Amino acid sequence: MKNLLVTGGCGFIGSNFIHYLFAEPNFKGRVINVDKLTYAGNIENLTDLAEQNQDRYIFSQTDICDRDALDRLFEDHAIDAVCHFAAESHVDRSILGPDDFVKTNILGTFNLLEIFRKRVDQVLLFHHVSTDEVYGSLGETGLFTEETPYDPSSPYSASKASSDHLVRAYHRTYGLPTTLSNCSNNYGPYQFPEKLIPLMVLNARAGKPLPVYGQGLNVRDWLYVEDHCRAVWTIMQKGRKGQTYNIGGQCEMKNIDVVAMICDILDILEPVKGSGPRKDQITYVQDRPGHDLRYAIDFSKISRELGWQPAETFESGLKKTIEWYIENTDWTDRVQSGAYRQWIDTQYENSG
Ligand code: NAD
Ligand code: DAU
């Protein structure tokens, strides 16, 4: 992997992945980061890294739906591996407006695969980053395995399911060397504050309501983002071609318990004199339509075959994450302006 194309490298997981790679002694190649810079992409996430690695890091503001532009990038930079993160990633946005999800997640992935098919002698690996949401919802018991049938509930998860099917089909039909991973909920630095954890941290600090959907009893499995990055890099190096690997944190939590933990940690880190506990800010709002009840992951395959398992505990990872948001108010102020504000206002209108 001399010239690795990373798509969506200015997003939450993509930028953490690029930071992770440049700290990895066994990665000696170049990264070509291709990102459209939607509301969710921040070029600033990698400013320092770009300055320190001018010979090994290239950024291109490109839409993965623009096949000609992508084709030129593959040519100009002799791309020999791809790690594909770029996507529209937020379930609530997909419910309000699915168009961009179908375009980027399905057609964008299709474009990349078509270019890959044309250059199969040049490209050694295509790793597709996907989600556990493709499996739909679990009841009170059970775990998603790699054999669980796909049953997506939202336009977001349906679009990711579609892209997963395309990746598998290109492996089976054209023999392209692909790998695929389906991961649970990530948290950590640089996550856009529309997602549960950063939204609650910022609202709790600002004395604003903490909008919990329904009764807060839905369960998610949480994984610290660096653990996800290490899993992706492990699969890229050692994973069997044509295979899918589930990635999870072995950390099932009810949403209400996550929000309560955030409040408790903030009450200790930043006590507010003369006011009650931040849990008093919790407000139950209208539920998400088609809200999956529970996600839980069986990650025994990646553990058995590739020796990966999560390293961070939820308690330590959540505290580190909250501290990062406290220390990076320039970043949060910047991403909370403009389009972000409009989105949050729409959310509150919709949740009544
Ligand atoms: P994100 O929304 O934070 O970042 C997405 C990035 O993709 C942004 O930088 C954005 O500018 C870019 N992008 C969007 N449309 C594009 C286009 N048409 N062309 C080029 N770039 C485009 O997302 P994330 O949370 O970092 O997720 C990254 C990937 O991981 C996604 O594929 C997502 O489905 C998957 N995933 C996310 C989670 C999670 O908990 N966040 C869990 C499992 C899997
Ligand atoms: O499971 C992996 C998926 O995790 C990824 O594929 C998605 O890209 C990522 O966005 C995430 O999806 P979720 O829908 O689970 O994440 P979100 O942070 O939006 O919500 C987490 C849970 O919290 C979910 O049950 C809905 C609930 N929630 C969310 C928000 C934003 C609330 O109760 N209140 C909120 O304000």
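In what order do the three strands of the open sheet stand, and what kind of pairing do they have?

Mentor: Happy to. The model is predicted: local features need pLDDT of at least 70 and side-chain atom pairs 80 or more, while totals for chains, interfaces and linings use all residues. Residues count from 1 along each chain as written, chains are lettered from A and ligands numbered from 1 as written, and side-chain values use heavy atoms without hydrogens or water.

The order is E7-E9-E11, with mixed pairing in an open sheet of three strands. Strands here are DSSP runs of E with at least two residues, helices are runs of H or I with at least four, and both are numbered from the N terminus. Two strands pair if DSSP finds at least two bridges between them. At the edges stand E7, residues 185–187, and E11, residues 252–254, each of which pairs on one side only. From one strand to the next, the twist averages 50° (axes are lines fitted to C-alpha atoms, for helices over the stretch in contact, with angles of 0 to 180 degrees between N-to-C directions).

Let's take the E11 side of the sheet. Strand E9, residues 219–224, pairs with E11 through three bridges in the antiparallel sense. Across this pairing, Val219 faces Lys254 of E11. Helix H9, spanning residues 255–269, packs on the sheet and touches both E9 and E11; between the directions of H9 and E11 the angle is about 85°. Contact here means heavy atoms within 4.5 Å.

Asn185 belongs to strand E7. Leaving aside residues up to four places away in sequence, Asn185 touches Arg220, Asp221, Trp222, Leu223 and Tyr295. Its relative accessible area is 19%, and Asn185 therefore counts as buried (buried is under 20%, exposed over 50%, partly exposed in between, with a 1.4 Å probe and protein chains only).

Gln250 sits between strand E10, residues 244–247, and E11. Gln250 has a positive phi of about 50° and is not a glycine. Most residues other than glycine have a negative phi. Gln250 is exposed, at 69% relative accessible area. Leu37 lies in the loop from strand E2 (30–35) to helix H2 (47–52), and its relative accessibility of 25% makes it partly exposed.

No disulfides turn up in a search of the whole structure, a disulfide being two cysteine sulfurs within 2.5 Å.

Finally, the ligands. A residue is near a molecule if one of its heavy atoms lies within 4 Å of it, and polar contacts are pairs of N or O atoms within 3.5 Å. Ligand 2 has 24 residues around it, with Thr131, Asp132, Tyr156, Arg288 and His291 coming nearest. An N or O atom in the His291 side chain is 2.7 Å from an oxygen of ligand 2, and a polar backbone atom of Ser89 is 2.7 Å from a ligand 2 oxygen. Pro211, in strand E8 (residues 210–213), places a backbone N or O atom 2.8 Å from a nitrogen of ligand 2. Pro211 is buried at 11% relative accessibility.

Ligand 1 is surrounded by 28 residues, the closest being Ile13, Asp35, Ser89, Tyr156 and Lys160. The side chain of Tyr156 has an N or O atom 2.7 Å from a ligand 1 oxygen. On the backbone side, a polar atom of Phe85 lies 2.9 Å from an oxygen of ligand 1, and one of Ile64 lies 3.0 Å from a nitrogen of ligand 1. Ile13 is one of the buried residues of helix H1, which covers residues 12–22 and has ten of its eleven residues buried.

Key:
Polar contact = N/O pair within 3.5 Å; in protein donor to acceptor, adjacent residues only side chain to side chain.
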